[in-house]
Amino acid sequence: MKNTTGKVFWKQPLTYLLLLTGAVGALLGERLIFQTISSPENSSQLTQLSVTQSPSKSDGTSSSESSSWLPVRVPISNSNFIVDAVQKVGPAVVRINASRTVSQRPNMFGRGIPEDFYGYESPRSRLGPVEQGTGSGFIISSDGNILTNAHVVEGSTTVEVVLKDGRRLQGRVLGTDSVTDVAVVKIDADNLPTVSLGNSNNLQPGEWAIAIGNPLGLDNSVTVGIISATGRSSNDVGVPDKRVGFIQTDAAINPGNSGGPLLNQNGEVIGINTAIIDGAQGLGFAIPINNAQQIAQQLIRVGKAEHAYLGIAMQTLTPELKQELNRNFNTNIQLFTDQGVLVMQVVPGSPADKSGLKPGDIIQKIDNQTISESENVQQIVQNKTVGSLLELEVNRNGQNLNFQVRTGNLPSRLRG
């Protein structure tokens, strides 16, 4: 008989090693699974290890003895702040179809630099050319007040509002304001979904921005980006006839988005999408909701809006401009400072004219606030109500003078 003891003996260490490795691996694996499941970042993917119990055996064996520890996978949630914001606001975003009879297609912004968003086609009718366009809007009251852009509905003969649930309702324009490009449309309905309004005064570049609208007829399209800048002047945007400090965003905006809401990460409306610069990418502009809301309240109440007005043409003073004007013998203006805002022209009969301001005056302070750019004057005045009293410190021929100017209402002929 062959001696097999030696053959078996040398296999025993290997057997023990394999058994030990398997046991350690099982323990480590179980611990790793338990840690993975119990970690906060994986809690949305896996539930706590659960025991799959089998029915008790007739021989009295405990069900726990036949239990197995297995991870149970649950559906991963796709929800994020963008989805939440869209679900919150989406039902209150509407499409606005408007038509009007025109002799020729008007330039909504007057200057032709920004894209005006009024996507249109021009079928002929017996009444002449008919312009049809699509824009966006959002419901601000459950009884049917809708905020949008003035250029979407201004001069329209018919306005149709399409709700997200498919209903089509006739709308009537309560009022438009071409100075800020804000309008309010009313539909006859009750218990409508509404948006929540945020605060546009405290926006910071880099905050999230979400745009919802109907670009090119594609209803309830959503784009996302950031707030690129705030307080962009109408000159910066290319619409000097507007009186708005625009929000700049790189959230994609296209024709048809006009009048739709710009949201923050909480799903609150912070602006009305209104303009893009023709040929540029990632340059969209929105009217701050705080300004739009003030105008909307006037439009709802009386059908028109008032705008505080001084009656001056002005320009930011620079050393180069000072030197140029002092060299120009065709003017009687002599400047003794190169800081402030130069009054270039005073409208006859305007509040500025009545208070004694003259061309060549350099505005240095308004209500004790130092003035360095013409946009500063515009922002201060447009935030005042008609009839407000302003204290102006002016440099005239090297001498500092003080004036009191009571704001008037911007004449209709200057509203564009």
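Is Arg95 buried or exposed? Arg95 is buried, with a relative accessible area of 15%; buried means under 20% relative accessible area, exposed over 50% and partly exposed in between, with a 1.4 Å probe and protein chains only. This is a predicted model, in which local features need pLDDT of at least 70 and side-chain atom pairs count only at pLDDT 80 or more, while totals for chains, interfaces and linings use all residues. Residues are numbered from 1 along each chain as its sequence is written, and side-chain values use heavy atoms, with hydrogens and water left out.

**Overall make-up**

- The chain has 8 helices and 26 strands; these are DSSP runs numbered from the N terminus, with helices being H or I of at least four residues and strands E of at least two.
- Of the 416 residues of the chain, 42% count as buried.
- Among contacts between residues at least 6 apart in sequence, 63% join residues at least 24 apart, where contact means heavy atoms within 4.5 Å.

- Strand β3 (residues 93-101) is mostly covered, with 8 of its 9 residues buried.
- β3 pairs with strand β9 (residues 158-162) in the antiparallel sense over 5 bridges; two strands pair if DSSP finds at least two bridges between them.
- Within this pairing, Ile96 stands opposite Val161 in β9.
- The largest nonpolar core has 44 residues, of which Ile146, Leu147, Val161 and Leu163 touch the most other members; such a core is a set of buried Ala, Val, Leu, Ile, Met, Phe, Trp, Tyr and Cys residues joined through side-chain atoms within 4.5 Å.
- Beyond its neighbours within four places in sequence, Val161 is in contact with Val94, Arg95, Ile146, Arg167, Arg168, Leu169, Val185 and Ile187.
- A second, separate core of 19 residues includes Leu310, Leu390, Leu392 and Val394.
- In soluble globular proteins, nonpolar side chains tend to be buried together.

**Salt bridges**

- The whole structure holds 6 salt bridges, each defined as a side-chain nitrogen of Lys or Arg within 4 Å of a carboxyl oxygen of Asp or Glu.
- One of them joins Asp219 and Arg95, with the closest N and O atoms 2.8 Å apart.
- This pair links distant parts of the chain, 124 residues apart: Asp219 is in the loop between β13 (208-213) and β14, and Arg95 is in strand β3.
- Asp219 counts as partly exposed because its relative accessibility is 34%.
- The side chains of Asp165 and Arg167 also meet in a salt bridge, at 3.0 Å from N to O.
- Asp165 is exposed at 53% relative accessible area, and Arg167 is partly exposed at 38%.
- Another salt bridge, at 3.3 Å from N to O, is formed by the side chains of Arg172 and Asp188.
- Arg172 lies in strand β10 (residues 168-177) and Asp188 in the loop between β11 (182-187) and β12 (196-197), so the pair ties together parts 16 residues apart in sequence.
- Arg172 is partly exposed at 44% relative accessible area, and Asp188 is exposed at 59%.

**Strand β22 and its partners**

- In strand β22 (residues 362-366), 4 of the 5 residues are buried, so the strand is largely enclosed by the rest of the structure.
- β22 pairs with strand β21 (residues 341-346) in the antiparallel sense over 2 bridges, and Val341 stands opposite Ile363 in β22.
- Strand β24 (residues 389-396) pairs with β22 in the antiparallel sense over 4 bridges, and Asn395 in β24 is the bridge partner of Ile362.
- β22 and β23 form a hairpin with 2 residues between them, and Asp367 in the turn has a positive phi of about 50°.

- Ile295 is in helix α5 (residues 289-302) and is buried, with a relative accessible area of 6%.
- Not counting residues up to four places away in sequence, Ile295 touches Asp177, Thr180, Val182, Ala305 and His307.
- Helix α8 (residues 374-382) has 7 of its 9 residues buried, so the helix is largely enclosed by the rest of the structure.
- Its buried residues include Glu375, Asn376 and Val377.
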